[in-house]
Amino acid sequence: MAPKGDDGRDGYLAFVESHQHRLLRAAYLICGNQHQAEDLLQDALLKLALRWGSVRNADPSAYVRAILYRDSVSWWRRRRREWLSAAPPDQVAHDRDGALRLTLHDALGLLPPRQRAVLVLRYYEDLTEVATAEALGVTVGTVKSQCHAALRRLREVAPDLARDTRPSRGSADLASGLEVNP
């Protein structure tokens with residue numbers, strides 16, 4: 001039980017200090033822009049502070065992640081723009097992990113925000129389908145269909161991600177996770 005004068009400030013500050021880096025990485029993966037990720041996280045932490053009394057005994061990390069993903073989609077909808085280019089983008093050089101990381105980053109940027117959010121929650125945050133659905137406020141079926149569509153789109157725009165091109169460590173063909181449900 002908290003002391004009478006304790007408004008939860010210490011608990012909130014401890015939570016922010018221990019989770020801010022992981023949440024910032026998740027925000028960056030969702031929006032693809034460092035400055036926007038910082039703004040999203042700051043807004044989400046403000047919203048958490050306002051509701052800290054009712055959220056602190058549950059799972060505040062899940063609450064913040066849900067805010068991040070929903071606000072990111074809302075931001076994208078308000079500021080959606082097309083970027084036209086006279087020439088196609090440069091091809092990524094094949095330097096194994098670095099090239100795959102850049103390819104994945106570029107490919108994630110081509111996905112709609114909801115599909116990107118589903119992939120980040122499922123494969124980066126390693127949440128279950130049920131937890132992902134709760135974080136996004138959608139049904140499990142929506143998570144499954146968005147995940148399937150996102151993986152299919154990733155295979156189309158970045159075929160290099162469909163198979164792992166690094167030398168194997170014992171297996172002839174390591175699965176990268178993008179082969180699931182082709």
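Figure 1. Lys-47 counts as partly exposed at 37% relative accessibility, where buried means under 20% relative accessible area, exposed over 50% and partly exposed in between (1.4 Å probe, protein chains only). Lys-47 forms a salt bridge with Asp-71, with the closest N and O atoms 2.9 Å apart; a salt bridge is here a side-chain nitrogen of Lys or Arg within 4 Å of a carboxyl oxygen of Asp or Glu. The pair links distant parts of the chain, with Lys-47 in helix H2 (residues 34-55) and Asp-71 in helix H3, 24 residues apart. Helices (H or I, at least four residues) and strands (E, at least two) are DSSP runs numbered from the N terminus. This is a predicted model, in which local features need pLDDT of at least 70 and side-chain atom pairs count only at pLDDT 80 or more, whereas totals for chains, interfaces and linings use all residues. Residues are numbered from 1 along each chain as its sequence is written, and side-chain values use heavy atoms, with hydrogens and water left out.

**Figure 2. The salt bridge between Glu-125 and Arg-65.** The side chains of Glu-125 and Arg-65 meet in a salt bridge at 3.8 Å, N to O. Glu-125 lies in the loop between helix H5 (113-124) and H6, and Arg-65 in helix H3, so the pair ties together parts that are 60 residues apart in sequence. Both Glu-125 and Arg-65 are buried.

**Figure 3. Helix H3 against helix H6.** The axes of helix H3 (residues 60-78) and helix H6 (residues 129-136) come within 8 Å and cross at roughly 60 degrees; axes are lines fitted to C-alpha atoms, for helices over the stretch in contact, and angles run from 0 to 180 degrees between N-to-C directions. Ala-66, Tyr-69 and Arg-70 in H3 meet Glu-134, Ala-135 and Leu-136 in H6, contact meaning heavy atoms within 4.5 Å. By class, this contact of H3 with H6 has 4 nonpolar, no polar and 2 charged residues.

**Figure 4. The surroundings of Ser-61.** Ser-61, which is placed in helix H3, counts as buried at 10% relative accessibility. When neighbours within four places in sequence are left aside, Ser-61 is in contact with Phe-15, His-19 and Leu-23.

Figure 5. Helix H7 has 18 residues and reaches 26 Å from its first C-alpha to its last, close to the 26 Å expected at 1.5 Å a residue, the expected span being 1.5 Å times one less than the number of residues. Among the buried residues of H7 are Val-143, Gln-146, Cys-147 and Leu-151. Gln-146, found in helix H7 (residues 140-157), touches Arg-114, Gln-115 and Val-118, not counting residues up to four places away in sequence. The C-alpha atoms of Gln-146 and Gln-115, 31 residues apart along the chain, are separated by 5.4 Å.

Figure 6. The side chains of Arg-153 and Glu-156 meet in a salt bridge at 3.5 Å, N to O, and both residues lie in helix H7, 3 residues apart, about one turn of the helix. Arg-153 counts as partly exposed at 32% relative accessibility, whereas Glu-156 is exposed, with a relative accessible area of 52%. Elsewhere, salt bridges that share partners join Arg-22, Arg-65 and Glu-125 into one network.

Methods: Ala, Val, Leu, Ile, Met, Phe, Trp, Tyr, Cys and Pro count as nonpolar, Asp, Glu, Lys and Arg as charged, and the others, Gly among them, as polar.
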